[in-house]
Amino acid sequence: MSSIEQLFQSLPDNPIVFYILVFALLLGVFKLTTFILKFGSLLVDVFVVPPVDFVKYGAHSGKWAVVTGASDGIGKEFALQLAKRGLAVVLVSRTKSKLEAVAEEITAKYKVDTRVVPFDAASDDEANYLELEKTIYDLPISVLINNVGQSHSIPVPFLETDTTELRNIITINNTATLRITQVIAPIIAATVEKSRGTTRGLILTMGSFGGLLPTPYLAVYSGSKAFLQQWSNALAGELNPEGIDVELVISYLVTSAMSKIRRSSLTIPNAKDFVTSALKSVGRRSGAQERFATSTPFWTHALMHFGIDNTVGVYSKIANKLNLKMHKSIRQRALKKKAKTDAAVSAEKND
């Protein structure tokens, strides 16, 4: 007699109890099976499947990519790696001199065309969008990277958030991203249509663990990134029939000016490694197994995302309290550092 037969024979004679136990057993088998399949899919996405060939997005065929926040950090790295893949690049950011330096570097390294558009996303000036449209109206654009973004200078309670910082975060992360997409997406659609099926369009928007998990002491930033999740997913459904892939790219911390982290580690990659993983994994969910048109591409971030989602859950009270504790601690350290710096400056002035 098999162990399974022995198990069923040992169950109670009461039919109600019997069926409840059988249902619980089957449900457990189903849950375990789906977990294994999801985790296996993550491993395949991150470690097995070869990199995406950007020929499908117009590489080496005269097509262009637009990258916002392109003067340094992740945005600059997106521009460099897209140029390496054979796309000409439009660089969009606030400081013209930095953009021109990046453009020269791209031209020298990869021999592709570039254009620059100085653009102050915080101003939400219609002239910015008109200038962008004027610069790119005649280009066969197939890729848009929505990378421009801003967080809080330090973690801060919502009720103490400076109103200028609040407005800038919403304007840069949300309003500017949406308006830039409204300018660029129709051109991508026209480029795809003219290619007669040989080229697809691509719109990648930078998300964050701050939007994945509700984040106390970063409430405005967290809300702005959560908004991008819903908007990007909705846009993915709208534009897919037009041959445009839309995807939100989620990251934990990356070494950058915004994160104020300089040293990389196992869970904090540098911009080059993060962007490599993002472009390699276009169209694959990696750690974002439960989300449509979303990817958490860097391998440790993927495991973290998957682990949180399959244990306490991203919206759980436990995750919220841990996030609160962490960001309170970060705020306290930042305030202490600021106090020391202010005291040193004051001492120098008195001398």
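Visitor: Which element gives the largest share of the lining of the second largest pocket?
Guide: Strand S6 gives the largest share, with 4 residues. Bear in mind throughout that this is a predicted model.

Visitor: How much volume does that pocket have, and which residues are closest to its centre?
Guide: The second largest pocket has a volume of about 200 Å³. Of its 16 lining residues, Val246, Glu247, Gly283, Phe292 and Ala293 are the closest to the centre.

Visitor: What kinds of residue make up the lining of the second largest pocket?
Guide: The classes are 7 nonpolar, 4 polar and 5 charged residues.

Visitor: What makes a space a cavity rather than a pocket?
Guide: A 1.4 Å probe fits in a cavity but cannot get out, whereas a pocket is open. By this rule there is 1 cavity of 30 Å³ or more. The space in the largest cavity is about 30 Å³.

Visitor: Which residues line the largest cavity?
Guide: Its lining consists of Asn146, Asn147, Val148, Asn173, Thr177, Thr205, Met206, Lys225 and Leu228. By class, that is 3 nonpolar, 5 polar and 1 charged. Helix H6 (163-195), strand S5 (201-206) and H8 supply at least two residues each.

Visitor: Why is Pro297 called buried?
Guide: Buried means under 20% relative accessible area. Pro297 has 3%, so the label applies. Pro297 is in the loop between strand S7 (294-295) and helix H10 (299-309). Its C-alpha atom is 20 Å from that of Gly201, a residue 96 positions away along the chain.

Visitor: Why is helix H3 described as largely enclosed by the rest of the structure?
Guide: Because 9 of its 12 residues are buried. Among them are Ile74, Phe78 and Leu82, and also Glu77 and Gln81.

Visitor: How do you know that the span of H3 agrees with what a helix should give?
Guide: At 1.5 Å a residue, the 12 residues of H3 (residues 73-84) should span 16 Å, and the end C-alpha atoms are 17 Å apart, so the two values agree.

Visitor: Where does UniProt place the feature "transmembrane region"?
Guide: The unreviewed UniProt entry puts it at residues 16-37. In the model that span is 100% helix and 0% strand, with its end C-alpha atoms 32 Å apart.

Visitor: What makes a group of residues a nonpolar core?
Guide: The members are buried nonpolar residues joined through side-chain atoms within 4.5 Å. The largest nonpolar core has 42 residues, of which Ile136, Ile141 and Ile184 touch the most other members. H6 contributes the largest share of this core, 10 residues.

Visitor: How many residues does the chain have, and what share of them counts as buried?
Guide: There are 351 residues, and 46% count as buried. The chain has 11 helices and 7 strands. Its C-alpha trace spans about 80 × 65 × 35 Å along the principal axes.

Conventions
Residues numbered from 1 in each chain as written. Predicted model: local features only at pLDDT ≥ 70, side-chain atom pairs only at ≥ 80, totals over all residues. Heavy atoms only, no water. 1 Å grid on protein atoms, 1.4 Å probe; cavity = no way out; pocket = protein on both sides within 12 Å on 5 of 7 lines; lining within 4 Å. Points joined across faces, edges and corners; volume = space filled by probe spheres on them. Nonpolar A, V, L, I, M, F, W, Y, C, P; charged D, E, K, R; others polar. UniProt positions renumbered as here; feature names shortened; annotations may be inferred. Buried < 20%, exposed > 50% of the residue type's maximum accessible area, 1.4 Å probe, protein only. Expected span 1.5 Å × (residues − 1).
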